[in-house]
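The points are grouped by topic and follow the structure shown here.

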Amino acid sequence: MSPWNKISTNSTGSKGNHSHPRCPLCGFKRCWKHGKYTRKGFHRPNAELLGTPIPVQRYLCLGPPCGATFSELPEDVLPYCRFFLSDLFSLSDTLTEGWSAYWIAKHQWGLSLRIILRAELLIRKATLWLESLCRETGAKVETGFQMLVDAARKPFSWFGFTRRWFHSLYPCRAGNIFNPHNLGIKRI
Ligand SMILES: [Zn+2]
């Protein structure tokens, strides 16, 4: 299903402002919806760029003295990745079937080889991390990228899973998340 079909239409001030997720910094449960930003420029097969920007909900932690802001990505949207997770699944399948990154770049996606190679590297890094996550949580270590993701994310919400994904696969960027100067974390 397209991720933008799953997005809640609750706006600030509407019922349901106090909802999950918990604050990732302090664990406080009461987080207020705090506007939205949009993600755009997703890669789609055959050189299509996804025209519709995808709204991402931001939250403000009401736990004193935290006051952090953070966002919850819609299902299928990954942090810092311009491929949808479902498209990484199909990319991984095509690579496993033996098609070259060059062929995929040229004939399937209409993208530069560099972008496909980068996605292939991300899948490889994610696979290693997902295997260790499965071992950590006692889940069966499945073979194949999609099966592995399905097994690894089972104990977590999409929010919890993408936070772990981000911190494990982008440690340099994640290191900045607690620096209020870099992320505009607000004090209340
Ligand atoms: Zn907090």
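Are tyrosine 59 and phenylalanine 70 buried or exposed? Both tyrosine 59 and phenylalanine 70 are buried. The model is predicted, and the protein chain contains 7 helices and 3 strands. Of its 188 residues, 40% count as buried.

**Overall fold**

- From the N terminus on, the order of elements in the protein chain is β-β-β-α-α-α-α-α-α-α.

**Aromatic pairs**

- The count of aromatic pairs comes to 13.
- Tyrosine 59 and phenylalanine 70 form one of the pairs, a stacked one, with 5.7 Å centre to centre and 20° between the planes.
- This pair links distant parts of the chain, with tyrosine 59 in strand E2 (residues 54–61) and phenylalanine 70 in strand E3 (residues 69–72), 11 residues apart.
- Tryptophan 129 and tryptophan 165 form an edge-to-face pair, with 6.1 Å centre to centre and 90° between the planes.
- Here too distant parts of the chain are linked: tryptophan 129 belongs to helix H3 (residues 113–137) and tryptophan 165 to helix H5 (residues 158–169), 36 residues apart.
- Both tryptophan 129 and tryptophan 165 are buried.
- A cluster of Trp129, Trp158, Phe161 and Trp165 is linked by ring pairs.

**The sheet**

- The 3 strands form an open sheet in the order E1-E2-E3, and the pairing is antiparallel.
- Strand E1 (31–39) and strand E3 are at the edges with a single partner strand each, so one side of each has no neighbour in the sheet.
- From one strand to the next, the twist averages 35°.
- Strands E1 and E2 run antiparallel and are joined by 7 bridges.
- Threonine 38 has proline 55 in E2 as its bridge partner.
- Strands E2 and E3 also pair in the antiparallel sense, over 4 bridges.
- Serine 71 in E3 stands opposite arginine 58.
- Within E3, Thr69 and Ser71 point one way, whereas Phe70 and Glu72 point the other way, and all are buried.

**The loop between E3 and H1**

- Leucine 73 lies in the loop between E3 and helix H1 (85–96).
- The relative accessible area of leucine 73 is 11%, under the 20% limit, so leucine 73 counts as buried.
- Leucine 73 and arginine 163 are 90 residues apart in sequence, yet their C-alpha atoms are 9.6 Å apart in space.
- Aspartate 76 is in the loop between E3 and H1 and has a positive phi of about 85° although it is not a glycine.
- Aspartate 76 is buried, because its relative accessible area is 12% and the limit for buried is under 20%.
- Tyrosine 80 lies in the loop between E3 and H1, and its phi is near 55°, a positive value in a residue other than glycine.
- At 46% relative accessibility, tyrosine 80 counts as partly exposed, because that class lies between the 20% and 50% limits.
- Most residues other than glycine have a negative phi.

**The loop between E2 and E3**

- Proline 65 lies in the loop between E2 and E3.
- Proline 64 and proline 65 are joined by a cis peptide bond, with omega about 0°.
- Most peptide bonds are trans.

**The second largest pocket**

- The second largest pocket holds about 370 Å³ of space.
- Its lining consists of 14 residues, and the closest to the centre of the pocket are Tyr80, Cys81, Arg118, Leu122 and Tyr170.
- Helix H3 contributes the largest share of this lining, 6 residues.
- By class, the lining of the second largest pocket has 9 nonpolar, 1 polar and 4 charged residues.

Methods:
Residues numbered from 1 in each chain as written. Predicted model: local features only at pLDDT ≥ 70, side-chain atom pairs only at ≥ 80, totals over all residues. Heavy atoms only, no water. Phe/Tyr/Trp six-rings, centres within 6.5 Å; stacked < 30°, edge-to-face > 60°. Helix = DSSP H or I, 4+ residues; strand = E, 2+ residues; numbered from the N terminus. Buried < 20%, exposed > 50% of the residue type's maximum accessible area, 1.4 Å probe, protein only. Pairing = 2+ DSSP bridges. Axes fitted to C-alpha atoms, helices over the stretch in contact; angles between N-to-C directions. 1 Å grid on protein atoms, 1.4 Å probe; cavity = no way out; pocket = protein on both sides within 12 Å on 5 of 7 lines; lining within 4 Å. Points joined across faces, edges and corners; volume = space filled by probe spheres on them. Nonpolar A, V, L, I, M, F, W, Y, C, P; charged D, E, K, R; others polar.
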